[in-house]
Structure formats: C-alpha cells, structure tokens
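Here is a short tour for a reader new to this structure. Look at the sequence and the 3D view, then read on.

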2 protein chains.
Amino acid sequence: MADAKLPLSPGATLGILGGGQLGRMLALAAARLGFDVVILDPEEHSPAGRVAARQIVAPYDDRWALKRLAEACDVVTYEFENVPEAAVAELTALGVGVAPGAKALAAAQDRVAEKSFLAEIGVPTVAFAAVEDDASLAAAVAKIGAPSLLKTRREGYDGKGQAWLQRPADAAAAFDRIGRQPAILEAPADFVRELSVIAARGRDGEIVCYPLSENHHEGGVLRRTSAPAQVSAAIRDHAESIAAKILTALDYVGVIGVELFELAGGKLVVNEFAPRVHNTGHWTQDGCEVDQFEQHVRAVAGWPLGPTAARAHVEMTNLLGPEVETWAKLAAEPESRLHLYGKGEARPGRKMGHVNRLRPLKD
Amino acid sequence: MADAKLPLSPGATLGILGGGQLGRMLALAAARLGFDVVILDPEEHSPAGRVAARQIVAPYDDRWALKRLAEACDVVTYEFENVPEAAVAELTALGVGVAPGAKALAAAQDRVAEKSFLAEIGVPTVAFAAVEDDASLAAAVAKIGAPSLLKTRREGYDGKGQAWLQRPADAAAAFDRIGRQPAILEAPADFVRELSVIAARGRDGEIVCYPLSENHHEGGVLRRTSAPAQVSAAIRDHAESIAAKILTALDYVGVIGVELFELAGGKLVVNEFAPRVHNTGHWTQDGCEVDQFEQHVRAVAGWPLGPTAARAHVEMTNLLGPEVETWAKLAAEPESRLHLYGKGEARPGRKMGHVNRLRPLKD
C-alpha cells in the first residue's frame with residue numbers, strides 16, 4: 001500500500017506509541033533529521049515525551065487519543081511490542097500508516113505465534129509446544145521433556161512470566177506460578193553463547209544488517225553486549241539470512257532485533273525477535289556509521305537506509321537501578337559514552353541508562 | 001563562586017537562552033546525558049523548544065520569564081552572544097548560575113571591547129580603531145588606512161552591519177551605510193586561509209581543544225568547514241595557546257569558537273570569538289570522540305570534559321535556504337550524515353541544516 005506522504009520530508013511529524021527510553025532515543029534521532037515527534041504514553045512526563053514536540057497522555061487504546069495522534073502525525077511507529085493490536089488497527093483506519101506494522105506486532109506478541117511463524121518460514125528455533133490447560137500441559141511435557149521452560153504466551157519480558165521445569169513432575173507447580181495463563185513450553189537451548197542481529201528493512205524492501213553482537217543476560221535481563229562479535233563468516237551469513245527471511249515474510253519496515261542462540265558446533269536457533277529497536281543494538285550509537293535509531297526513523301520515513309559498518313568495538317553495559325549513580329565515574333572514563341534516560345526513580349533492576357565503552361576496531 | 005548544585009546529577013534541568021539550531025543541538029546532547037532542558041525564546045515552537053521538556057515563550061529581558069526560568073533550572077547557558085547582559089545579571093541575582101558567564105558575553109557583544117581584551121592579554125588581532133562620530137572616523141581612517149572594513153560594534157553577524165572602505169574617501173558613505181552606529185574600523189587581514197579552534201574549559205579550569213578546522217565563507221556566511229585541518233605543529237600549538245589564554249582570562253566555562261586568520265608566513269591573528277558552540281565545530285558531531293555540544297553540556301554541568309580526538313575527516317557544508325531541499329540526495333550518500341534543524345520557512349541564506357561528509361582519517 002503506497003503512502004502518498006512518503007518519503008517524509010523534514011518537518012513532517014513522526015508519532016511514537018510508547019514513551020520509554022527506546023522512544024526517547026528514537027525521538028532524538030528523528031529530531032536530528034528535522035522531524036517533529038509526538039509521543040503517546042499513559043505516563044505523564046515520560047522519558048520520550050520530555051524530548052518530543054508533544055506528548056499525548058492517555059492509554060494506548062484511548063480512541064480519542066488515537067484520533068489526535070493520527071491527526072498530528074504523518075506516520076506512526078512503536079517502541080515496544082505490547083502495544084494493543086487494536087490501537088494499530090484504529091490508526092490505520094484513521095488513515096495514518098503504522099510501521100513496522102500489524103503483522104509483525106501480532107507475531108511478536110504471542111510466543112506460540114512467533115515460533116510457529118518462524119517454523120513456517122524455515123527458521124530454526126528450540127522445540128516448543130503450546131499450553132492452555134492441564135491436558136495440553138501434559139502433552140507438552142510429554143513432547144518437550146524436562147528440563148524445560150514454561151513462559152506465558154503474552155506480555156512477559158526481561159525474564160518475567162517464566163518458570164523452569166527441572167523435572168516433568170514440576171509442571172503443575174510451574175503452571176500455577178505463571179498464573180495458569182496460556183503458555184508455551186520450550187526446550188532449553190544448549191547454547192555456547194547468545195548472539196543477536198539487528199537488521200532493518202526499508203519501504204523499498206532493501207535490507208541491511210549490523211555486525212552481530214554477543215550478549216550476556218543476568219536474571220533474564222540484558223547486562224552486557226559486546227560488538228562486533230567475533231564470528232565465522234558462516235555464522236554471520238546464517239544470522240543475516242535468518243533476519244532477511246523474517247523481515248521479508250513480515251513485509252517489515254523498520255529495525256528488528258533478532259536474538260539467537262549459538263549451539264555447540266556452530267548452529268544457530270532463534271530465541272525471539274522484537275519488532276523494534278533493541279537493547280542489544282545500543283552499541284551502534286557510538287560504534288556504527290548510522291545507528292539503529294536513525295536507521296529505524298529512516299526506514300519508517302521511507303528514506304534510503306544508511307550504512308551499518310562498525311567504526312569501533314563497543315562494550316555496552318546496561319545501568320540498572322542504582323548503578324546509574326556511578327555516572328560521575330563513568331563520565332570521567334575517556335573511552336565511555338553515557339546514555340541516560342531521564343527516569344526519576346532508580347528502582348532495582350530498572351533500565352536507567354547504558355554506557356558504551358569504545359576501543360579501536362583493530363586490536 | 002562555588003555552586004552547591006555542581007556537578008549536576010542526571011535528572012537536573014539545564015536552561016538555554018535561545019531556541020535556534022545551536023540550542024536544539026545542545027538540548028539533544030543534554031537529553032543524551034539524562035538532563036531535562038528548558039528553553040527561553042521569544043519565538044513559539046522554536047527549533048530547540050520542540051526537543052525540550054519545556055519552552056518559555058517570552059523576550060529575553062522579560063523579568064517574569066527569567067524568574068520562571070531560574071525556578072525551573074539548576075544552571076543556565078546561552079546559545080548566542082546577543083543575549084542581553086541584563087538577563088544574565090537578573091538570573092544570577094535570582095540565584096541560578098549562568099555559564100559561560102557575563103564577562104565572556106560582555107567581551108563578545110562589542111567588537112571594540114573584544115579586540116581590546118585580546119590586545120590586553122597579548123593575543124594578536126588585525127589593527128583596529130573605534131568609531132563613534134565623524135571625528136573618530138577621520139582619526140580611525142588616518143590610523144588604519146584603506147582598504148579597511150567598518151563594522152558596527154554590536155549585533156552584526158554573518159556579514160551584516162559591515163561596509164568596506166576601498167579608499168579613505170569612502171569613509172563617510174560607509175559610516176552612513178551602517179546607520180552611523182558606534183563602529184570599529186579594521187585593517188583587512190591578508191590571510192591565506194581561515195582556521196578556527198573550538199575549545200572548552202571545565203569548572204575546574206581544565207582546557208581541551210579540538211583539532212583545527214579550515215573554514216570557507218561566502219558573502220560573510222560560513223559555507224564549508226574541513227577538519228582536521230592540515231596545519232603545522234607550530235600553528236596548532238599557537239592556536240591552542242590563543243584559545244587557552246582567552247578561556248583563562250575570561251574565567252570561562254563551556255565551549256568557545258575562536259576564528260583565526262592564517263597570514264602568509266604562518267602567523268595567526270584572531271578574527272573574533274563566539275562564547276558558545278560554533279558552526280565551525282559542527283563537524284565534531286560525526287568526527288570526534290565527544291562532540292562540541294556534549295562537551296559544552298559537560299562543562300556547564302560541572303562534569304569532567306570528554307576526549308576531543310578526531311575519529312574521521314569531515315567536510316561540513318551548511319544547507320542554506322532552499323538547499324535543504326536536497327535532503328533526499330544527501331540521505332542516499334553513504335558518507336553523509338544529515339543534521340536538520342526543523343525550521344519551517346527556507347528563506348534564502350537561512351541556516352536550515354548541515355551535512356557532515358566523512359572519510360577515513362588516513363588517506
């Protein structure tokens with residue numbers, strides 16, 4: 001569906017559903033290219049709203065707010081995958097395009113839909129089975145075995161809504177622990193490391209990939225990303241072909257983050273993908289020619305994609321909760337670039353900012 | 001005078017007098033470090049106001065607006081040197097610190113004061129004489145000769161408020177042309193090229209300099225900057241010592257732009273300085289470790305200064321007036337990084353944006 005407003009001229013207005021740190025960094029990138037930004041977020045004075053031309057404070061499914069957003073914006077994107085599908089449908093009905101689009105959102109909101117989609121397009125994942133009730137739980141355990149990981153189909157992130165089954169007998173308790181919500185049982189990946197590929201697809205179907213990054217999670221939350229990751233050409237090519245398959249099958253527009261497990265022996269399986277800019281792509285801000293935030297804005301605006309080559313080696317570390325209070329020490333490190341999100345309360349585990357530590361590419 | 005609020009913690013609020021493109025790029029840099037920004041500018045929806053947490057729309061000398069700004073902000077800076085001195089005095093009286101400070105502003109607002117200050121601290125300039133009336137005009141022409149350049153003492157920028165004397169007999173007509181305002185008559189600099197040094201001084205007196213840039217003006221307006229400029233170590237050292245002298249003598253805090261003429265034979269004279277981030281420093285955004293905007297925010301906030309080393313060779317070109325309409329072509333150039341200011345009307349000569357074209361340092 002061609003949109004007569006595309007490519008967006010500088011001076012046009014980009015709407016963002018969600019006003020967190022990803023929206024904030026998208027808004028800063030959009031401003032650099034001359035766009036105005038309007039944020040829709042239920043929280044007043046959101047991190048992104050404070051750097052945008054305007055924030056509409058309302059729930060995502062507030063029809064009046066969506067109407068105002070549609071009137072104000074030339075195109076709309078989202079900063080997180082749990083935006084209600086109905087909001088995207090409403091905006092589309094109101095005549096404003098939403099990218100990456102409803103198809104990507106639907107696939108990313110439901111872990112069973114996501115893995116089924118990946119299986120359909122021939123992208124390897126861990127073995128999985130859907131769980132709805134005691135009967136399907138029993139069938140899933142029979143199929144997947146244990147140890148295995150039970151996750152809610154929807155809404156969980158950063159390790160929330162998950163329970164391990166060490167033995168088949170743990171199944172009922174695990175199901176209780178996640179509130180007996182519709183779930184997915186996944187085989188554990190016997191991985192040697194976690195990688196991710198940040199990729200982008202333009203309105204014209206052009207696809208670009210950033211160098212792979214190697215990621216370290218703690219307690220289900222990203223702790224550290226190191227990039228470009230040292231990988232063989234075969235792994236790089238496989239990761240890029242996986243990203244391209246996903247982007248093409250979803251008729252995607254924008255940046256995507258695809259989390260991969262590298263198995264012993266060099267095989268890759270997809271853990272999950274996020275239809276948005278991604279925490280494991282923050283290193284691109286100081287490490288790449290054009291970063292993931294500008295890249296996403298370019299794609300959504302119908303601009304040509306920018307170059308993704310690395311300019312430096314980066315170790316990105318998330319600043320969680322009170323860790324942000326180390327800012328003075330970090331600010332004094334010549335190799336460190338600070339990115340802070342302007343969040344008020346440094347609750348334990350809350351993503352308050354990140355630091356990119358640079359070193360030259362060749363060492 | 002120690003300010004108990006310094007260094008500013010992330011979450012603190014930075015006020016900026018002036019909402020143009022320099023304020024906009026300062027605001028974006030401040031946001032990256034987790035600060036909130038409040039803009040004071042008489043123009044509604046100013047370029048900087050549209051990326052700030054808040055804009056106060058009022059004249060710079062509006063006492064009620066200054067009071068609101070002082071209440072909202074932990075520290076205040078300015079994006080241009082023609083902010084009324086009285087506004088800075090008022091803010092200081094209201095208990096909020098203003099950097100770079102009143103002394104730098106006073107010196108930069110009056111071309112005679114500026115050159116007299118430079119002469120006092122032993123920094124070379126072209127020969128000059130103050131002009132107030134016909135008698136001092138005659139004395140100035142007798143001292144400086146012709147050709148020479150008559151400029152208003154105050155307010156002129158980008159080539160406005162200037163008139164050339166080709167011969168001594170042109171003096172009266174030139175004085176008429178600039179409205180018989182208090183003026184300065186300057187000897188022309190027989191320069192081989194125009195250089196500038198962007199430097200910064202922290203709250204603790206630390207001084208850093210960026211690599212020199214070579215600048216090309218057309219019709220009094222900056223057209224192009226190329227950096228790092230190829231200069232001898234002697235010229236670099238001299239430029240850095242000039243910047244350091246100025247910064248120290250003004251007890252300066254923040255980024256300064258010092259425009260230099262390189263004379264045949266390698267001598268440097270100062271053309272002028274601007275007590276703010278500077279158009280000839282825009283190349284640092286994509287060319288240096290920490291750019292001039294973040295550097296200024298760091299200095300004003302009492303943070304340690306960041307590294308200034310070049311990461312790439314940059315040619316910065318201003319996009320004046322309708323030239324901004326070439327954005328689509330520029331966006332498709334892999335070596336180009338666009339910075340657009342979100343200004344509505346592309347009047348001829350108006351600075352609408354700039355493009356930084358990168359190439360590797362070693363070629």
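B:P147 sits in the loop between α6 (134-144) and β7 (148-152) of chain B. The peptide bond that leads from B:A146 into B:P147 is cis, with omega near 0°. This is a predicted model, so such details come from a prediction.

Chain B has another cis bond to look at. B:A227 and B:P228 are joined by a cis peptide bond with omega about -10°. B:P228 belongs to the loop between β13 (221-227) and α8 (233-249) of chain B.

## Positive phi values

A:R180 is one of them, with phi near 50°. A:R180 lies in the loop between α7 (171-177) and β9 (183-186) of chain A. Is A:R180 buried or partly exposed? A:R180 has 15 other C-beta atoms within 10 Å, so it counts as partly exposed.

B:H45 is not a glycine either, and its phi is positive at about 50°. The loop between β2 (36-41) and β3 (54-57) of chain B holds B:H45. B:H45 has 14 C-beta neighbours inside 10 Å and is therefore partly exposed.

## The nonpolar core

The largest nonpolar core has 196 residues. Which of them touch the most other members? They are A:V37 and B:V37. Beyond its neighbours within four places in sequence, B:V37 contacts B:L14, B:I16, B:A27, B:A30, B:A31, B:A52 and B:A53.

B:D36 is part of strand β2 of chain B. Outside the four places on either side in sequence, B:D36 touches A:R50 and A:G342 of chain A, and B:T13 and B:A53 of chain B.

B:D36 also gives a sense of distance. B:A189 is 153 residues away along the chain, and the two C-alpha atoms are separated by 43 Å.

## An enclosed helix in chain A

Helix α10 of chain A covers residues 292-300. Why is this helix described as largely enclosed by the rest of the structure? Nine of its nine residues are buried, so the rest of the structure largely encloses it. Those residues are A:Q292, A:F293, A:E294, A:Q295, A:H296, A:V297, A:R298, A:A299 and A:V300.

What covers them? The cover includes the strands β1 (13-17), β4 (75-78), β10 (191-201) and β14 (254-263) of chain A. It also includes the helices α1 (21-32) and α9 (284-287) of chain A. Just after α10(A) comes A:G302, with a positive phi of about 80°.

## Where the chains meet

Chain A gives 29 residues to the contact, and chain B gives 29 residues. On the side of chain A that touches chain B, the elements giving two or more residues are α1, α11 (327-331) and β17 (336-340) of chain A. By class, this side has 19 nonpolar, six polar and four charged residues.

## Two crossing helices in chain B

Helix α4 (residues 102-109) and helix α5 (residues 111-120) of chain B pack at an angle of about 110°. Their axes are 5 Å apart. α4(B) and α5(B) are therefore roughly perpendicular to each other. From α4(B), the contact uses B:A106, B:A107 and B:A108. From α5(B), it uses B:A113, B:E114 and B:F117. The contact has five nonpolar, no polar and one charged residues.

## Domains and a loop in chain A

| Domain of chain A | Residues |
|---|---|
| domain 1 | 13-98 |
| domain 2 | 127-186 |
| domain 3 | 191-359 |

How far apart do the C-alpha centres of domain 1 and domain 2 of chain A lie? They lie 34 Å apart.

A:A187 is in the loop between β9 and β10 of chain A. A:A187 has 18 C-beta neighbours inside 10 Å, so it counts as partly exposed. Setting aside neighbours within four places in sequence, A:A187 contacts A:V126, A:A127, A:I144 and A:S148. A:M25 is 162 residues from A:A187 in sequence, and their C-alpha atoms are 35 Å apart in space.

Methods
Residues numbered from 1 in each chain as written. Chains lettered and ligands numbered in written order. Predicted model: local features only at pLDDT ≥ 70, side-chain atom pairs only at ≥ 80, totals over all residues. Core = buried A, V, L, I, M, F, W, Y, C linked by C-beta atoms within 7 Å. Buried ≥ 20, exposed ≤ 12 C-beta atoms within 10 Å, placed from the backbone. Contact = placed C-beta atoms within 7 Å. Helix = DSSP H or I, 4+ residues; strand = E, 2+ residues; numbered from the N terminus. Nonpolar A, V, L, I, M, F, W, Y, C, P; charged D, E, K, R; others polar. Axes fitted to C-alpha atoms, helices over the stretch in contact; angles between N-to-C directions. Parallel < 35°, antiparallel > 145°, perpendicular 65-115°, else oblique. Domains from an automatic or database assignment.
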